[in-house]
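Dear colleague,

I am passing on the structure we spoke about, and below it you will find an account of what turned up when I went through it. Please have it open while you read.

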Amino acid sequence: MLLVCVVCILINMGGVQLVGALEWPFYLDCVGTVIAAAMCGYLPGIIVGLFTNLIKGISDTESLYYVVVNALVALIVYWFRKKGWLKKPQGLLGLIFALAVLGWLYWIVITLVMGDPLTEESLWESFMIELADKGITVFIVSILLFVLPKRFQRFLEFRGWQQKPLSEEENKAVKRGQNRKMSLRTKLMLLLSLVFVTMGVASLLISAFLYRDYTQKENVDFAKGTSQMVANMIDPNKVDEYIAIGEDAPGYLETKQRLINVKESNSVIEFIYVYKAEPDGFHVVFDIDTEEYPGDPPGYVTEINEEYGDTRMKLLAGEEIEPVETIDRWGHLITVLTPVRDADGNTVCYAGADISMTTIYQNERDFLTKLILLFIGFFILSMAVAMWISDYNIILPINSMAVSASKFAYDDEDALGDNVERIRELDIHTGDEIENMYQALSKTTEDSEHYVTALRTKTETISQMQNALIMVLADMVESRDESTGDHVRKTAAYTRIIMERLKKLGYYTDQLTDEFMYNVENSAPLHDIGKIAVSDMILNKPGKLTEEEFELMKRHTTAGAEIIEQVISTVPDSAYLREAKNLAEYHHEKWNGKGYPHGLSGEEIPLSARIMAVADVFDALVSERCYKKAFSFDDAMDIIQTDAGSHFDPKVAEAFLSAELEVRQVAEHFTVYKVTKGQTETLRKPQ
């Protein structure tokens, strides 16, 4: 970057020398600035623009006025480059116009500050010169952008990555990070601006005070020396003769010429004169002409200015006089008077030298203008450096970590691995607290991966154990009923088939979430848990139950709900158990409201219970019980279809019937399974 800056500064200086040698009306002093900003970035561009004018200012102080405009040129070019406009002809034309307007407006401001006149002709001429100058500059740069290989141009880009470099898309995503109120970058820039501006204003005020004090003292000392020189040129013995005769007096013209020479050799001195103080005023001995005011003739009497005050008496007494500040028709002046004494030490007259405070103020204004512009130039450079450092060492690393962390997923082991890999790929190495934070985040991410993996393994183990315990509990209840076989397993399988088919048909999709389907399938074995409270005599009675016995049998629904409710009281947030309670309590309710235990109808019945009603009845139909023979598969399916809309939810029944193939596979699977277990009872295999 330093090498590029040096080369670009030399290009700027070469352009200045070229137009100077050829006496062109252009500048060509920002070609290198535009090259640096277009190829390397805003920071090299600002450095080139700033130091070009500082170097030029060594021999031409007027160049210091344009320190700021060259820094602004770099920023504008970088902005055009960032927008991708330098690759388009209209973008290049827009850049030429923008730079020309910037230079022209800046020239107008400087001209007004310096107090120089502006005319319509000068305004037009200045704009055309700026337009031509910036046109040549942008043309040269566009040729370079076209000729130089893209790979070389990318190599010249000045970056300061303290991590894995981000792509353009990633960079934009990182910088787009949402902030609640104000970004850290903005806060840093505001803080630095406050510090720089405070220090700058304090420095400018101190500099202005010291400059004025020093300049005024230096000019007064110079006026004193000039006044003393003039006093030494005056012959005290001829003063009265000069006043009386004037230029015809011997030696008058020769002395006047020497005074004229002194005046012409000192641009700081506004007036040179020799006056004799009398009670009626100053009597002119010599009064040197200026371009604006002709001098008064010898013998002319002028009143002593009121600003002299008490000094008037000292003048009449011929005493030494301190410098006097006056404001009159001659302007704002500081007058230094040196007594011209004769051989006896008597004051014959005074030799005066006046310096203009207006000139001092003008010099002070020029000095402060250059100082302010230099401050602004270095302020822009400092802010650019601060922004560059903060971006690559603070903002981008922090935002990269934030964006990466916001993309963390914990769905599966691959997602967990991606979390760790995403953080590792950042490779932040700022060597400070930011890197410490990155290392801590990396370790936390890795630890989280191990913890979540272990937790998932334990959760799966617990879930399997839970399902196994439920199945064991259901088997214990089922074993009391000698005729139910693998009822709990088959009904669980049927519920899964029904739910998947409902989802495929687009029914109840708002309720059929993955969690709901998991809970229903795995809690299905508990739907008959209430039978534990029913007598074995009733459960295994070979004939038809009496009305009293059937009433006792119906209580297994509420008994099951009460058992599960007791468990829920210890685990209140378990959706799994809530579905188990619904299944146990409502699986004998009917769509038409004629079921038990509560006589609910339609969608008053929980969806899980409506699903279980179909699965439970179908399995009861195709299974042989102590009180009946098994129905054929087709007969059972016909009964389900017939009772759809009365006993069963018609949509649930439709889903079950449309999944005939899957239902048949489950029924046959458990029939084969029971035979292979060596059971001796005769089963009627579904057709």
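I begin with two helices that meet, where V67, V68, A71, L72 and L75 in α4 are in contact with L373, L374, I376, G377 and I380 in α13. By class, the residues of this contact are 9 nonpolar and 1 polar, with no charged residue among them. Please keep in mind throughout that this is a predicted model. Helix α4 covers residues 67–82 and helix α13 covers residues 357–406, and their axes come within 8 Å of each other and cross at roughly 25°. Because an angle under 35 degrees counts as roughly parallel, α4 is described as roughly parallel to α13. The crossing in which α4 passes α13 is left-handed.

Another pair of helices gives a second example, with another angle. Helix α20 (residues 575–586) and helix α21 (residues 607–622) have axes that come within 8 Å and cross at roughly 50°, and the two are therefore oblique to each other. Their crossing is right-handed. On the α20 side the contact is made by E579, N582, L583 and Y586, and on the α21 side by S608, A609 and M612. These residues divide into 4 nonpolar, 2 polar and 1 charged.

Next comes helix α2, which spans residues 31–39 and includes T33. How many of the residues of α2 are buried? The count is 9 of the 9, so this helix is largely enclosed by the rest of the structure. The buried residues of α2 are V31, G32, T33, V34, I35, A36, A37, A38 and M39, and what covers them includes α1 (2–22), α3 (42–59), α4, α5 (89–114), α6 and α7 (150–156). T33 itself has a relative accessibility of 0% and therefore counts as buried. If residues up to four places away in sequence are not counted, T33 touches N12, G45, V48, G49, N70, V73 and A74. Just after α2, G41 takes a positive phi of about 130°.

Helix α6, named above among the elements that cover α2, runs over residues 120–147 and is where V138 is placed. V138 has a relative accessibility of 3%, and so it too counts as buried. Leaving aside its neighbours within four places in sequence, V138 is in contact with L92, L95, I96 and L99.

I turn now to charged pairs. Side chains of opposite charge can pair when their charged atoms come close. The structure holds 22 salt bridges, and I describe three of them here in some detail.

In one of them, the side chains of R341 and E320 meet at 3.4 Å, N to O. R341 lies in strand β5 (residues 331–341), while E320 lies in the loop between α12 (311–317) and β4 (324–328), so the pair ties together parts that are 21 residues apart in sequence. R341 counts as partly exposed, at 35% relative accessibility, whereas E320 is exposed, with a relative accessible area of 54%.

In another, the side chains of R424 and E446 form a salt bridge of 3.2 Å, N to O. R424 belongs to helix α14 (residues 413–426) and E446 to helix α15 (residues 433–479), so this pair ties together parts that are 22 residues apart in sequence. R424 is partly exposed at 46% relative accessibility, and E446 is also partly exposed, with a relative accessible area of 26%.

The side chains of R496 and E521 likewise meet in a salt bridge, at 2.8 Å from N to O. Here R496 is in helix α16 (residues 487–505) and E521 is in helix α17 (residues 514–523), so the parts that are tied together lie 25 residues apart in sequence. R496 is partly exposed, with a relative accessible area of 22%, and E521 is partly exposed as well, at 24%. Elsewhere, salt bridges that share partners join E130, D133 and K134 into one network.

With best regards

Key. Residues numbered from 1 in each chain as written. Predicted model: local features only at pLDDT ≥ 70, side-chain atom pairs only at ≥ 80, totals over all residues. Heavy atoms only, no water. Axes fitted to C-alpha atoms, helices over the stretch in contact; angles between N-to-C directions. Helix = DSSP H or I, 4+ residues; strand = E, 2+ residues; numbered from the N terminus. Parallel < 35°, antiparallel > 145°, perpendicular 65-115°, else oblique. Left-handed = near helix turned anticlockwise from the far one by under 90°. Contact = heavy atoms within 4.5 Å. Nonpolar A, V, L, I, M, F, W, Y, C, P; charged D, E, K, R; others polar. Salt bridge = Lys/Arg side-chain N within 4 Å of Asp/Glu carboxyl O. Buried < 20%, exposed > 50% of the residue type's maximum accessible area, 1.4 Å probe, protein only.
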